[in-house]
Amino acid sequence: IESISLDFIDTEKDVESSEDAISGAMDIIAEEISDNPEYRKDIRQKTIDFGLLVSKASTEDDSVYRLYYDFAEPIKKLANHRLLAINRGEKEGFLSVKIDIDEEKITNYLFRRLTPKHESPSTKYVKLAAEDSYKRLIAPSISTEIRNMLTENAEEASIKVFNQNLSGLLLQPPIKDKIVMGFDPGYRTGCKVAVVDETGKVLDTNVVYCTLPNHDKDKAKKILTDMILRNNVNLISIGNGTASKESEIFISDLLKEIDREVFYIMTNEAGASVYSASKLATEEFPQYDVALRSAVSIARRVQDPLAELVKIDPKSIGVGQYQHDVSQKKLSENLDFVVDTVVNQVGVNVNTASSTLLSHVSGLNKTISENIVAYREENGEIASRAEIKKVPRLGAKAFEQAAGFLRIPNAKNILDNTGVHPESYPAVKALFKQLA
């Protein structure tokens, strides 16, 4: 075969010698092997079953990725969070990453599929073509496919965790009928304090300095004691951020000295600073600075977690790790869906809900939600679900979708405070008669 007859050599096609002819034939075989979907499927599965994800340091600098500077783990056992961390390290230039596998496992598989049991003059060239096909064509693309698959699976698993965590946060039971003091801890800038009544209305605000050794803690105690007694505070909500430990110790000591039963609770303040600097917070509390708005949010979070947390971009609430390493579009869509689902599952008090909370109700958009708030401010509390139809731009279709999720606690018709849709009222009343 090394001395192919000149009859088979076409110099017009750049085939000058038998070596050129053999090389060209091997390239053709290599491409045909690479294009075979069955071979690719088997090789992909073997790589997943026996391959390793390997990462090495691509820099001598120390970093948070030092654990992955000399790392290898079987693909089948690789944890999702590790993969996302490695992906980020590679993206930031600290790691070089590849998929490693014993090439003999793959080439032996190809040899078995491509070569006859008995050797022939062409066998060695077919083997060389198979090795070339795997190294040059198949391995790089299979590696990319597997890494994309692993990343996609890791993203889906992470987003699922984000969804579960967000749902848990939103479904926290509210602490009702309490006057709450929100306490946003701080060191140099002091601790921001805001008192809200049972409905979330701000009654009092202040700033105290009590977390550093040089602070006048007696002065801070006097200020807080006066605020607690003056406003009949029942509960203190302490943010769990910077200086929270010192703040908790200080508040605990303070409450021992007050002749009134007051409790305190540690509250997750994730996203409070994002909300306090947002356009929504500026419109809601134009008279307060950013720091005091954060204290108000921390107070309201224990009164009605759902109503307060829907004001914040779900990605800013801190519902999971590596949230910036997954598809932001997919993450936003999933988290928004969770918020909408929880709001509609719980239901909304149409007379106290903010326009932001109302906008998550099925059938209501931003404009209609703002119109509901404007209507009740102008006309007082909405007395029945039927009255909701009077809200401007809230048409029959929107009412049909939203009515079952809107609650009116003090309505004359008890069904207006349930998940029963108005169109089912006659059936429920008929049932009541049968049960009477």
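## T47 and its surroundings

Leaving aside neighbours within four places in sequence, T47 is in contact (heavy atoms within 4.5 Å) with I75, I99, I101, I106, I142 and I146. T47 is found in helix α2; helices here are DSSP runs of H or I with at least four residues, strands are runs of E with at least two, and both are numbered from the N terminus. The residue is buried, with a relative accessible area of 3%. Buried means under 20% relative accessible area, exposed over 50%, and partly exposed in between, with a 1.4 Å probe and protein chains only.

This is a predicted model, in which local features need pLDDT of at least 70 and side-chain atom pairs count only at pLDDT 80 or more, while totals for chains, interfaces and linings use all residues. Residues are numbered from 1 along each chain as its sequence is written, and side-chain values use heavy atoms, with hydrogens and water left out.

## Packing of α2 on α4

T47 is also one of the α2 residues that meet α4. On the α2 side the set is E38, Y39, D42, I43, K46, T47 and F50; on the α4 side it is K105, I106, Y109, L110, R113 and L114.

The axes of α2 (residues 37-50) and α4 (residues 103-114) come within 10 Å and cross at roughly 150 degrees. Axes are lines fitted to C-alpha atoms, for helices over the stretch in contact, and angles run from 0 to 180 degrees between N-to-C directions. The two helices are therefore roughly antiparallel to each other; the classes are roughly parallel under 35 degrees, roughly antiparallel over 145, roughly perpendicular from 65 to 115, and oblique for the rest. The crossing of α2 and α4 is right-handed. A crossing is right-handed if the near helix is turned clockwise from the far one by less than a right angle, and left-handed if anticlockwise.

## Packing of α3 on α5

Helix α3 (residues 80-91) and α5 have axes that come within 9 Å and cross at roughly 120 degrees. That makes α3 oblique to α5. The contact is made by N80, L83, L84, N87 and E90 of α3 together with R147, L150, T151, N153, A154, A157 and S158 of α5. This crossing is left-handed.

## The three-stranded sheet

Three strands form an open sheet in the order β2-β1-β3, with antiparallel pairing. Two strands pair if DSSP finds at least two bridges between them. Strands β2 (70-74) and β3 (95-100) stand at the edges, each with a single partner strand, so one side of each is left without a neighbour in the sheet. From one strand to the next, the twist averages 15 degrees.

Strand β1 (residues 52-57) is joined to β3 by six bridges and to β2 by five. Towards β3, S55 stands opposite V97, and the bridge partner of K56 is S96. Towards β2, V54 stands opposite A72.

K76 is found in the loop between β2 and α3. It is exposed, with a relative accessible area of 57%. Leaving aside neighbours within four places in sequence, K76 is in contact with I48 and D49. Its C-alpha atom is separated by 22 Å from that of Y65, 11 residues apart along the chain.

## Nonpolar cores

A nonpolar core is a set of buried Ala, Val, Leu, Ile, Met, Phe, Trp, Tyr and Cys residues joined through side-chain atoms within 4.5 Å. The largest has 84 residues, and those with the most contacts inside it are L364, I372 and L394. Helix α5 (residues 123-170) gives the most to this core, with 12 residues.

Neighbours within four places in sequence aside, I372 is in contact with V350, L358, L364, I382, V391 and L394. A second, separate core of 21 residues includes F183, L224, F250 and L255.

## Two positive phi values

Most residues other than glycine have a negative phi. A243 has a positive phi of about 70 degrees although it is not a glycine. A243 lies in the loop between β7 (235-239) and α7 (244-256) and is buried, with a relative accessible area of 4%.

R393 is likewise a residue other than glycine with a positive phi, near 70 degrees. R393 sits in the loop between α15 (385-388) and α16 (396-402). R393 is exposed, with a relative accessible area of 67%.
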